[in-house]
Amino acid sequence: VKDTVAPTITINNPTTDATLEGGESLTINFNSQDNVGVTSHNVLLATDGNNFTPLANSLAGNATSFTFQLPTTNTDKAAIRIEALDQAGNKGIATVNFKILVDQEAPKVTISSPTAKQKVKGGQSFTVTFNSTDNLAIVSQDIEISLDGTNFTSLVSGLSGNANSATVIIPNMKAKAAIIKVIAKDKAGNVGTALSPTFKIKVSK
């Protein structure tokens with residue numbers, strides 16, 4: 001009896017309409033079934049939803065995943081297509097549509113403390129409060145201080161992306177126009193910064 005039944009395929013990742021970051025590694029997860037047995041898989045990608053180009057040909061019949069690097073192309077019409085073939089040459093096809101976003105947007109940062117002309121004691125703890133947002137995600141934040149408004153030195157580095165405050169030790173040096181800088185970095189390496197208003201540091205004896 002001739003086998004005329006095509007394999008069936010389910011794509012589990014990426015999910016429909018997911019937004020993925022261009023240039024990142026993507027692992028496609030899929031499952032295929034056939035009444036006799038799947039002999040091979042093909043994996044294809046389209047960035048316009050129509051014109052598919054091969055990513056992998058003749059993957060094993062028992063393959064369930066394939067990893068590749070997403071192109072650095074902004075598109076809301078990306079698509080992955082999985083083809084499964086059986087021994088009789090029947091072909092099953094599954095397609096999932098998703099979006100690719102190339103992140104070129106820097107984080108936005110605001111500082112709420114210190115405030116303008118605030119007087120702070122040097123050599124003591126002070127809590128810097130701030131808020132950082134990003135179109136995707138912030139991965140780290142740093143805080144620096146300038147005593148002259150120009151030259152900055154580090155107070156703390158490697159804060160988590162969701163941190164919105166940090167307790168630091170203010171240098172015990174007199175300053176009439178000190179400034180705090182908060183630096184936020186996202187996964188793509190984009191950097192956003194904010195400067196506090198000038199504040200005063202009073203030397204502690």
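**Note on the predicted model: sheets, cores and ring contacts**

1. Strand β15 (residues 175–186) and strand β16 run antiparallel and are joined by five bridges. Within this pairing, Ile 183 stands opposite Thr 193 of β16. The hairpin that the two strands make has four residues between them, and Gly 189 takes a positive phi there, near 95°. This is a predicted model, and the points below should be read with that in mind.

2. Strand β16 covers residues 191–195, and its side chains alternate.

3. An open sheet of three strands has the order β1-β3-β6, with antiparallel pairing. β1 (8–13) and β6 (65–69) are at the edges with a single partner strand each, so one side of each has no neighbour in the sheet. From one strand to the next the twist averages 25°. β1 and β3 (residues 25–33) are joined by five bridges, and Ile 11 has Phe 30 of β3 as its bridge partner.

4. Another open sheet of three strands is ordered β9-β11-β14, again with antiparallel pairing. Its edge strands, β9 (108–113) and β14 (165–169), each pair on one side only. Neighbouring strands here are turned by 30° against each other on average, direction ignored. Strand β11 (residues 125–133) is linked to β14 by five bridges, and Phe 126 stands opposite Val 168 of β14.

5. Which residues touch the most other members of the largest nonpolar core? They are Ile 28, Phe 68, Ile 80, Ile 82 and Phe 98, out of 24 residues in that core. Two or more residues come from each of β1, β3, β4 (38–46), β5 (53–60), β6, β7 (75–86) and β8 (91–101). Apart from this core lies another, of 22 residues, which includes Val 128, Ile 145, Ala 175 and Val 182.

6. Ile 28 can be followed through its contacts. Neighbours within four places in sequence aside, Ile 28 is in contact with Ile 11, Asn 13, Pro 14, Val 43, Thr 64, Ser 65, Phe 66, Phe 68, Ile 80 and Ile 82.

7. Not counting residues up to four places away in sequence, Leu 26 touches Asn 13, Pro 14, Leu 20, Phe 66, Thr 67, Phe 68 and Leu 70. Leu 26 and Phe 68 are 42 residues apart in sequence, yet their C-alpha atoms are 5.6 Å apart in space.

8. The structure holds one aromatic pair. Phe 66 and Phe 68 form this pair, with 6.3 Å centre to centre and 15° between the planes, and the pair is stacked. Both Phe 66 and Phe 68 are buried.

9. Two charged side chains are placed over phenylalanine rings. The charged end of Arg 81 sits over the ring of Phe 52, 4.1 Å from its centre. Lys 181 lies over the face of Phe 152, at 4.2 Å from the ring centre.

Note on methods: Residues numbered from 1 in each chain as written. Predicted model: local features only at pLDDT ≥ 70, side-chain atom pairs only at ≥ 80, totals over all residues. Heavy atoms only, no water. Pairing = 2+ DSSP bridges. Axes fitted to C-alpha atoms, helices over the stretch in contact; angles between N-to-C directions. Buried < 20%, exposed > 50% of the residue type's maximum accessible area, 1.4 Å probe, protein only. Phe/Tyr/Trp six-rings, centres within 6.5 Å; stacked < 30°, edge-to-face > 60°. Lys NZ or Arg CZ within 6 Å of the ring centre and 35° of its normal. Core = buried A, V, L, I, M, F, W, Y, C linked by side-chain atoms within 4.5 Å. Contact = heavy atoms within 4.5 Å.
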